[in-house]
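Here is a friendly walk through two parts of this model. Have the structure open and follow along as we go.

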Amino acid sequence: MAVIAAENLSKSYGMKTCFHSIAFTVNETDRIGIVGINGTGKSTLLKILAGIEVPDEGGLVMAKRTRVEYLSQTPEFDENATVLEQVFKGDSSDLRLLRAYEEAVESAQENPQDAKAQERLYRLTEEMTAGDAWELESQAKTILNHLEVHHFHQPMHTLSGGQRKRVALAGALLSPCDLLILDEPTNHMDNRTIDWLEEYLARRKGALVMVTHDRYFLDRVCNRILELDQGQCFSYEGNYEEFVAKKAERMELSNTLEQKRQNLYRRELAWMRTGAKARSTKQKARIDRFNEIKASEPKTGPGAVELSVGFTRLGKKTIVLDQVSKSFGQTRLFDPFSYTCASEDRIGIIGPNGAGKSTLLNIISGRLAPDTGNCSLGDTVKLGYFSQEATDMDPSQRSIEYIKETAEFIRTENGQLLSASQMLERFLFTGEMQYAPIGTLSGGERRRLFLLKVLMEAPNVLLLDEPTNDLDIDTLKVLENYLDDFKGIVLTVSHDRYFLDRVCNKIISFEEGTKGLSVYTGNYQDYRNYREGLGNDFETPAKTVPKDKPAPARRVREARLSYKEQLELKSLEPEIASLEGKLEQVDQDISKNQTDFLLLQELMEQKEILEETLLEKMERLEFLAAFQNALEQDKCQ
């Protein structure tokens, strides 16, 4: 059964068109994720569905008595309300009763001698019992606890921005509705809370429409994906993984049709140039067809974000944390922690909200001083800090002026010299957008602009604080590909599990219930496997060891590598180089044979086999090299 139907919706802001004549239906069993690059109108579409904004054209058809609940990216709050009062702001009869009951409790506590206040509390208590509203109150507190909000009577104005967003989410989840609309619900959440929200939404009855850039979240919650692309809306059945496969099929079909259109256009153009005149009906019809073919040329897409920027050489000494700790007032964030970054570390920093993850990045960047110990950087270290907030952005400043403050030109990895304007174009900023005030950009477009400014500095150490917030999935993919080729150190605070799995080779975890930090080898899934008891000997965390307690010697399985293993270790590097060369050749063949479907399928199968073999060889090399290093360390001891 359809809950709501969008009919020919169009929306523009000035010269910028978000979408044009799009149509779709939301059914009661749909859990829809909306994706698209920043600026395509995803949040605008949610607001139209929620009735907050009005489309320029088209409209909505809604089933009778349909209840809609909407969570904005920036919810509004009653600053003086308590957490529970804010949660009970909904308009259902149960929520009105709960709101009245909470107000009566507060009044009775403040005026214990007031007979009217006590009588009102008694009456509302009976109504709560009669209406079975106690379960709703218990459910509200349970949801708040899962969302890491534990002080129910704390005033809203004392909460952080992340806590406020979670209170608003609790209110949206608690309100009975037929259609739940969520705009970036996972922002400001730690990984454990996101896991709980995934399970909650997967069990919830009723339609769901949301915008999120968390790909695992889309994969595990959604059964349908809507993509906004170049003003159009495309619908895909299935979760995010199925969307990726189906979109690739659509793009392949689109490319095939476009190639046929171009071939037909070239033939008709040649005929037109012979001097064809509309003297006969047949010739006139052919001229009309030529004009239709010419007019049917697809819109030029925004392209892909390109991140081939320069790089500054990194020396032997990188980042050394020596027994650093930090407190704010009486609140201890973390105990003394030591770690030396290797030249190609990709470190994900995880932990509960408020544990001190961003504080650790600020200590490394020099913005904060540790209470104990020190953080020293090598002479060649050049930091690029992509913080949560770009505090230097002036809304009235033009985008191109903002970038030129960092550099007028940048030399790319292949030696090409690009101007600030050219780099902005590579980051999907058209000429019009480059000279528009920053204040006219969407939140995601500002984040993309800030990312460009950081990379224009040609850093060799990147500090990324929640880089996935407000960046669209396409930009995240390209950032991940850029980090693959980045020849420096990356330290990132992120709640995006997909990003951590894709990018990281180590995890620094703020351990819950303690003030200690631990270092784990592997990506986020490896970390989870270890925490769940599935890790092997080589995934054991390298915990911080105080100076007065020497680290226990690592146990090795035998005294030396066997002769066969030594030969294998010597042969693995050339074998890996050979496999990489073969992969590169297959990639070139794939690029040259995009139109030969049978050959392309064969090449893709070859590539998959080569990649699997390469992965096995690299894992074996890593194992033997680690074993040999452990043996050498034991000899030194």
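## A sheet and a helix

An open sheet is built from three strands in the order β11-β10-β13, and their pairing is antiparallel. The model is a predicted one. At the edges of the sheet sit β11 (331-340) and β13 (372-377), each of which pairs on one side only. On average, neighbouring strands are turned by 20° against each other, with direction ignored.

Take a look at β10, residues 319-328: five bridges join this strand to β13, and the two run antiparallel.

Now let us turn to another helix. Helix α4 covers residues 115-130, 16 residues in total. From first C-alpha to last, α4 reaches 23 Å, close to the 22 Å expected at 1.5 Å a residue. Its N-terminal end is capped by Asp114, which places a side-chain oxygen 3.0 Å from the backbone nitrogen of Lys116.

Which residues of α4 are buried, and which are exposed? The table sorts them.

| Group in α4 | Residues |
|---|---|
| Buried | Ala117, Leu121, Leu124, Met128 |
| Exposed | Ala115, Lys116, Glu119, Tyr122, Thr129, Ala130 |

Seen down the axis of α4, the buried residues fall within an arc of 70°, so they line one face of the helix. The exposed residues listed above are on the other side of α4.

Methods:
Residues numbered from 1 in each chain as written. Predicted model: local features only at pLDDT ≥ 70, side-chain atom pairs only at ≥ 80, totals over all residues. Heavy atoms only, no water. Helix = DSSP H or I, 4+ residues; strand = E, 2+ residues; numbered from the N terminus. Expected span 1.5 Å × (residues − 1). Buried < 20%, exposed > 50% of the residue type's maximum accessible area, 1.4 Å probe, protein only. Arc of directions from axis to C-beta. Polar contact = N/O pair within 3.5 Å; in protein donor to acceptor, adjacent residues only side chain to side chain. Pairing = 2+ DSSP bridges. Axes fitted to C-alpha atoms, helices over the stretch in contact; angles between N-to-C directions.
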